Amino acid sequence: MMSDYKFMIQLYPEMILVSKKPVTWKGFLEIPCNSGRSIRIRLKLIVHNYPSLSGAEMYFGKEIAFIRRKEFSDKVKDLMCSVTKVSTFLKQLQLLIGNFINSSYIENYEYDVLADQAMETLMELKNVLKIPSGIKISSDSSLNTIELSLNNVTVRLQRTSHRTCPWTVVYSDLPEISTLGPFERNISTLDIARNKLKLQVEMLKKVWSNLKQIDENCWVIDPLQPKPCHLYRRIYLTPSLSMFIKIDPLNHMDLPEIKFMGSDIEVESKTDLVSKNLNKWDPSCDIINNLMTLLDIDAFPKREIKKEEIDYNVIVTDEECCICFSLKLDNETLPDKICNNEKCRRHFHTSCLLQWLQTIAGNHVIFHQIHGSCPNCKESISCRID
Amino acid sequence: MQRSIRLKREFERLNQNPVEGISCYPKSDNFENLVATIIGPNGSPYSGYLFQLSIDISEQYPFEPPRITFQTPIYHPNIDDKGRICMDLLNMPPKGSWKPTIGIKNLLDAVQCLLGNPNPDDPLMADIAQEYKFNRQQFEKKAKQFMEQGKNKLS
């Protein structure tokens, strides 16, 4: 008995003895196929009358569901009667299944491709991991999606079934740089993807450090939460003027793309000022000083700290009139009409609501009331006409 | 009266709580004309390009929707060559769904959203809509090319 267990461990290390009463093995069995590659199938083998194989139970994984005909089970039964050792039995079983798969008319294409792809990915990963590069590589359990990340910059790649471009980018923190083309172009292996990521991160390092300086020194209005893919910033200058800066990733020390946004007069005067100062841009100087020279200022306006916390996600705070967005009309009247819908409960000035209801054609006037729908929730609402 | 108070309030809010990728300022001291800039949303062919829009606020605002038009030429199923936008929110009911509780910020938000998600079932440019529906790749390529050409013209 000992020797049989020993043989099993040596020959089938993937079959594990999970119980001795009854004697049960569970694990994987590798089946060599014609095409040169092999398929792993799941197998559970319960040998009730160990060491005799008669009456043994067997459960196969669905990988070989397509060959499980009566012919197959008959052959397996014959085999059980003819051999005496479990290891020999498994060896014969491997051959048997292999023959059935090879002669099977059903081309289990999908399974092959999947196994193939996972194998290829594994091989690629092996190659990539051989050379340490500081890039973190992770994957999902099916080996379909591979994530590469370096200094908080992440690129997620997914396998495709195309032979020529086997990887497609499903997520990327990298900005799109038109001269370089999309990241997924010419990525034939993970190794190339990794080198490309490393190269681009290296290249953008200085651009990001410039952007960081802007983030630290200016009141950045947009983007709200800058990410590595954002190569632009819009900063606050005055209540009616902001400046849009977009850094050229290939020439980060050069004059960035600058646009002013705001009222015409201010935009015009600032554009004049900046075009006058353009020649003062010094590529050896840091970006903040350069921008200040352009604008002729000593410091950038800082963000005002708000005292009261108001939830600006709602269109208006609920005490104000939802139409004029203010609390008091000129004659000091407060909003005096509230929507009946409990979920809405928006406030209106009667005069504001009246004007809206009268604007909409088709609202009915009955006695001194005009009937229509609440401009926020569309529930019916009525208003007195004085 | 309501109009100027409301617009003042809207700008206060927009300054305190800016929206990502959107800027809006009065063209001059009065609030009749506004100029807005939208950054093309990520994941769309317009990603990273700047679009300038002009907004005309009528005397009846907020009881009438503002008129928004694209100043920057764009290749889009719902925006024509004169920059007019086909969007529900920009029309009076019963045809459209404008309501006075909507602000300029919400409208620009909606326009930015429209850039990322064209609505080919209510098109202004029938050919582009067909292309968007049945040949998305070509649409994206053309939209991008269109922007690249425009960019070259400006500089």
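**Close-up views of a predicted two-chain model**

A:Arg345 is partly exposed, because 13 other C-beta atoms lie within 10 Å of its own (a residue is buried with 20 or more such neighbours, exposed with 12 or fewer, and partly exposed in between, the C-beta atoms being placed from the backbone). This is a predicted model, in which local features need pLDDT of at least 70 and side-chain atom pairs count only at pLDDT 80 or more, while totals for chains, interfaces and linings use all residues. Residues are numbered from 1 along each chain as its sequence is written, and chains are lettered from A and ligands numbered from 1 in the order in which they are written.

**View 1. Positive phi values in two loops of chain A.** A:Arg345, in the loop between β13 and β14 (347-348) of chain A, has a phi near 50 degrees, a positive value in a residue other than glycine. A:Asp296 has a phi near 60 degrees, again positive and again not in a glycine, and is found in the loop between α7 (287-295) and β13 (337-338) of chain A. A:Asp296 counts as exposed, because it has 12 C-beta neighbours inside 10 Å. The helices named here are DSSP runs of H or I with at least four residues, and the strands are runs of E with at least two, numbered from the N terminus.

**View 2. The crossing of α2 and α3 in chain A.** The axes of α2(A) (residues 70-82) and α3(A) (residues 86-103) come within 11 Å and cross at roughly 160 degrees, where axes are lines fitted to C-alpha atoms over the stretch in contact and angles run from 0 to 180 degrees between N-to-C directions. The two helices α2(A) and α3(A) are therefore roughly antiparallel to each other, a term for angles over 145 degrees. The contact, which requires C-beta atoms placed from the backbone to lie within 7 Å, involves residues of α2(A) including A:Phe72 and A:Leu79, and residues of α3(A) including A:Phe89 and A:Phe100.

**View 3. Chain B against chain A.** Here 31 residues of chain B are in contact with 32 residues of chain A. On the side of chain B that touches chain A, α1(B) gives the most, with eight residues.

Notes. Contact = placed C-beta atoms within 7 Å. Parallel < 35°, antiparallel > 145°, perpendicular 65-115°, else oblique.
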